[in-house]
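Here is a short tour of one protein chain. Keep the structure open beside the text and find each residue as it comes up.

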Amino acid sequence: FEDWTTTAFNSPSENIRTITIDTSKPLIQYVSPTETSGVYLNRNYILVNVTATDSSLSNITIYLFNSTQNQINSSLTTTSPNYINFSGLSDGLYYFNATALDQLNNQNSTATRNVTLDTTKPLISYGTGTENNGVNKSQDFIYINTSITEINFANVTFLLYNSTSQVNKTTFTSITYNINWTGLPNQNYTYNVTVTDLANNINTTATRTIKLDTILPLISYGTGTETDQSNYTRSNIYVNVSVTEINEANITFRLYNSTSNYNTTTFSTSQRTINWTSLLDGTYTFNITSTDLASNSNTTATRTIRIDTTAPILNILIPSPGDNSFNTNISIPLNFSVSDAIIGVNSCWFNIDNGANNTISNCLNTTFNTTEGTHTVYLFSNDTLNNLATDSEGFTISLDAPAINLNAPANNSYLN
């Protein structure tokens, strides 16, 4: 039925009655600035504004419910509109609706809307596998891993910059914890990660710096360094190197003797020379390693040096104190032993009584001729560094036949 009012007249002496018939529900609706259903808000209040139209409007009531749909607040007005600010609310999910009632108890309600209040920033931090700030790495990639805590996640953005501009920006709308930028050239890079929730709360990691360096240092021997396979009659080894490396970390000088590492010296400064002194005779090897801050290293070729300040060991065996008399002056034996532990024997020679020197082929035993009488043989040997060894031995040459006397039997005697 339509709403209408009628007046009844029975007679001039009777009362006049007016009857109103109303079966229509009030018209009710949300108006601005009422929150849109399903929104996430970065604040602690909810705005609701409701209008209602009815010829006999009684009231408008707005109801607020928490996430379990228990009513926690309401607002009633007897006129339109009903505009309320539910404030001081904690983070969480809320529902609201409104009901209009007229004087004949006709009522109408709005749809129920939901709003999520979220004033808490997401939690984000670097996770396992992410490089520390300020590192140098010998690689062409940068791996980032994060830990994110956020129930209303919206997106996460990974940002990478070189020294002049943005290199990459990658945003994920599903929760993603890591990224691996690959194929990167050697440069300085900075990066950070930003997470945003549905209420537009934002949190960003600290910005970290990393330097990619895959280039080996350049290192070579310089002026004054001993030549490989060289021999010296002194007690020191000097090394000089040239290094090209802008991110140098250290340089290490290593010296080995014939059995083990003799000395290792590392400098974190731009040291380029070393002088190992007070070395004993022996064979030594050395090399030098340059290392950069990204742990790239390069090593020189290994060189071998022999230090020999000692003469060969030389001994005359014949003639000797017990065998120094000869009854011939031809092919007198000269037997001897000679050795050199470091660089070896170079040559041998001798003379008689400081006379002319005679070379001994291959430093092997030999013979000589001389005159009758008492003599001295002088023997010499050296190594390639001209360390000289000498030995001498006296001997006698007698060419006379020995005297023989027959004592028995007597001359012209007879024996029975």
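Strands here are DSSP runs of E, at least two residues long, numbered from the N terminus.

This is a predicted model: local features need pLDDT of at least 70, side-chain atom pairs count only at pLDDT 80 or more, and totals for chains, interfaces and linings use all residues. Residues are numbered from 1 along each chain as its sequence is written, and side-chain values use heavy atoms, leaving out hydrogens and water.

Now look at one pairing. β3 meets strand β5 (residues 46–53) in the antiparallel sense, over 4 bridges. Two strands count as paired if DSSP finds at least two bridges between them. Leu27 faces Thr53 in β5.

## Tyr30 in β3

Where does Tyr30 sit? Tyr30 lies in strand β3 (residues 27–30). Tyr30 is buried, at 15% relative accessibility. Buried means under 20% relative accessible area, exposed means over 50%, and partly exposed is in between (1.4 Å probe, protein chains only).

Beyond its neighbours within four places in sequence, Tyr30 is in contact with several residues, including Val48, Val50, Phe96 and Ala111. Contact means heavy atoms within 4.5 Å. The side chain of Tyr30 reaches the backbone oxygen of Phe96 at 3.4 Å. This side chain also reaches the backbone oxygen of Ala111, at 2.6 Å. Tyr30 and Tyr83 are 53 residues apart in sequence, yet 9.8 Å apart in space, C-alpha to C-alpha.

## The largest nonpolar core

Which residues touch the most other members of the largest nonpolar core? They are Ile46, Val48 and Val50, in a core of 20 residues. β3, β5, β6 (57–65), β8, β9 (92–102) and β11 (113–117) each supply at least two residues of this core. A nonpolar core is a set of buried Ala, Val, Leu, Ile, Met, Phe, Trp, Tyr and Cys residues joined through side-chain atoms within 4.5 Å.

Leaving out residues up to four places away in sequence, Ile46 touches Leu64, Ile84 and Phe96, among others. Glu35 is also one of the residues that Ile46 touches.

## Salt bridges

How many salt bridges does a search of the whole structure find? The search finds 3. A salt bridge is a side-chain nitrogen of Lys or Arg within 4 Å of a carboxyl oxygen of Asp or Glu. Arg43 pairs with Glu35, their closest N and O atoms 2.9 Å apart. Glu35 is buried, with a relative accessible area of 7%.

Glu226 and Arg234 form another salt bridge, at 3.0 Å from N to O. Glu226 is buried at 6%, whereas Arg234 is partly exposed at 26%. Glu248 bridges to Arg272, with the closest N and O atoms 2.8 Å apart. This pair links distant parts of the chain, 24 residues apart: Glu248 is in strand β24 (residues 248–256), and Arg272 is in the loop between β25 (261–267) and β26 (273–276).

Terms used: A polar contact is a pair of N or O atoms within 3.5 Å; within protein, one must be able to donate a hydrogen and the other to accept it, and residues adjacent in sequence count only if both atoms are side-chain atoms.
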